Amino acid sequence: MRLFDRIFQGDRGIWMVAWILALISLLCVYSATSVVAIKDYGGNNTFVLMKHAVFVVAALVLMFVASRVKYTYYSNIFNMLFFVALVLLILTQLLGTESNEARRSLSISKILPFVSSKVSFMPNEFVKLIIIGYIARKIALRKDNPDPGWKDICLNIMLPVISVMGLMITENLSTSLLIFATCIAMMFVGNIKMKYIMSFVGIVVFFFALFICVKYKTDSDGRHTTWKARISNIENYQKDCAKAAIATGGIFGKLPGKSTERNSLPKVANDCIYAIVVEEYGLVGGVFVMSLYLILLYRVIMIMMKRPDSFGAILSFGLILCIVMQAFINIGVSVGMLPTTGQNLPFVSRGGTSMICTGISFGIILSVTKDINKNDEKRKELEQVQAAD
């Protein structure tokens, strides 16, 4: 066990949950992508699985590497990467690949001409990680100042978040709102005064309402029509298929690989992967997967109780809260309770960029837990020495 702790440093529970989610991802994606394999790869489902497995392994490796970096270094890293995030969002707006009237993916060949045009990534996933780290840094720098003032909060916290939301909202409304909710929660746990938090909420709500009104008045068939259709057509084909998958799963499910609704569900390996989990593993499997995300949240809350005002605590809380909220949004979509959002199930759904960014997020959180555990051990040793004296 000591060898395990030396190699895999940090919270043991988070390591275990990450490995379990990775295993579930391989099993469920392999089962869910049979239609994709037939359509795009001549029925070679093994190739689709191996392609996904590469990203799973890469995510676990990056998780390990990120856990080895002292978490305080991430403060400066995120500070520098914030402007890279803005550039990525602008490039996505200008050069991104359009799908369903939205530009969310960016071909690397648009940035590096010598790279194949088939290689692309989702900048929003990296931006989500960067903005959480950036805001955690700004909040932590103000822990010694109980009332930094409106100007300071506006320039250093509100403006960066609004800038990112403004560049992202037309192409990815759900992610921009997820970032906003996460940052509000980080401000709250970071002891930012409630008057500033409520002001921030009021400003965003006002400009969002203004944005929606302008869109409806100026665009007859823009992206807002997709939002309206998703909200008004909650009782749609996808919801019916998801209900069928969940209803036929029963208590213990149909067993791995026995799903039938995977042939009907749209975006089954991404948005609706949770429906396949319940169909094949039943209510027991569905509750188990939800419990894994709640365990992650619980472990991070335990970190915050030890160092509530540190950069590491605020950063790890923001990262895990975003992951858990995204997970439950995906679950809500899969069971038909929410309109389609495009949010996948973190560390389970198919998608290389999301898998890698989630792995890095886990690694950063592990880096924080590693540092706290070491300090706790030193404190206990010191207390034992003092008691002996």
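This report walks through a predicted model, from the whole chain to single residues.

## Ground rules

The model is predicted, so local features need pLDDT of at least 70 and side-chain atom pairs count only at pLDDT 80 or more, while totals for chains, interfaces and linings use all residues. Residues are numbered from 1 along each chain as its sequence is written, and side-chain values use heavy atoms, with hydrogens and water left out.

## The whole protein

The protein has 14 helices and 3 strands. Both are DSSP runs numbered from the N terminus: helices are H or I with at least four residues, strands are E with at least two. The chain has 389 residues, and buried ones make up 50% of them. Buried means under 20% relative accessible area, exposed means over 50%, and partly exposed lies in between, with a 1.4 Å probe and protein chains only.

Contacts also describe the fold. A contact means heavy atoms within 4.5 Å. Take the contacts with a separation of 6 or more: residues 24 or more positions apart account for 71% of them.

## Where α6 meets α13

Helix α6 covers residues 123-140. Helix α13 covers residues 311-334. Their axes come within 8 Å and cross at roughly 145°. These axes are lines fitted to C-alpha atoms, for helices over the stretch in contact, and the angles run from 0 to 180 degrees between N-to-C directions. The crossing of α6 and α13 is right-handed. A crossing is right-handed if the near helix is turned clockwise from the far one by less than a right angle, and left-handed if anticlockwise.

On the α6 side, the residues in contact include Lys-128, Leu-129, Ile-132 and Gly-133. On the α13 side, they include Leu-319, Cys-322 and Gln-326. By class, the contact has 10 nonpolar, 3 polar and 2 charged residues. Ala, Val, Leu, Ile, Met, Phe, Trp, Tyr, Cys and Pro count as nonpolar; Asp, Glu, Lys and Arg count as charged; the others, Gly among them, count as polar.

## Gln-326

Gln-326 sits in helix α13. It counts as buried because its relative accessibility is 4%. Leaving out residues up to four places away in sequence, Gln-326 touches Lys-128, Leu-178, Gln-343, Asn-344, Pro-346 and Ser-354. Thr-341 is 15 residues from Gln-326 in sequence, and their C-alpha atoms are 10.0 Å apart.

## Cavities

The model holds 3 cavities of 30 Å³ or more. On a 1 Å grid over the protein atoms alone, a cavity is a set of points where a 1.4 Å probe fits but cannot get out; lining residues have an atom within 4 Å of a point. Points are joined across faces, edges and corners, and a volume is the space filled by probe spheres set on them.

The largest cavity has a volume of about 120 Å³. It is lined by 13 residues, and the closest to its centre are Lys-128, Cys-322, Ile-323, Thr-358 and Ser-361. The elements that give two or more residues to this lining are α6, α13 and α14 (352-388). By class, the lining has 7 nonpolar, 4 polar and 2 charged residues.

Ser-361 belongs to helix α14. It is buried, because its relative accessible area is 7%. Apart from neighbours within four places in sequence, Ser-361 is in contact with Leu-129, Leu-319 and Ile-323.

## Phe-200

Phe-200 lies in helix α9 (residues 194-218). Its relative accessibility is 0%, so it counts as buried. Not counting residues up to four places away in sequence, Phe-200 touches Met-158, Val-161, Ile-162, Phe-180, Ile-184 and Met-187. Ile-184 is 16 residues from Phe-200 along the chain, and their C-alpha atoms are separated by 8.3 Å.

## Exposed residues

Val-54 lies in helix α4 (residues 45-68). It counts as exposed because its relative accessibility is 53%. Val-54 and Gly-352 are 298 residues apart along the chain, yet 8.7 Å separates their C-alpha atoms.

Two loop residues have positive phi without being glycine. For Asn-191, phi is near 65°. Asn-191 lies in the loop between α8 (173-189) and α9, and at 53% relative accessibility it counts as exposed. For Leu-255, phi is about 85°. Leu-255 lies in the loop between α11 (237-249) and α12 (273-306), and at 52% relative accessibility it counts as exposed.

Conventions:
1 Å grid on protein atoms, 1.4 Å probe; cavity = no way out; pocket = protein on both sides within 12 Å on 5 of 7 lines; lining within 4 Å.
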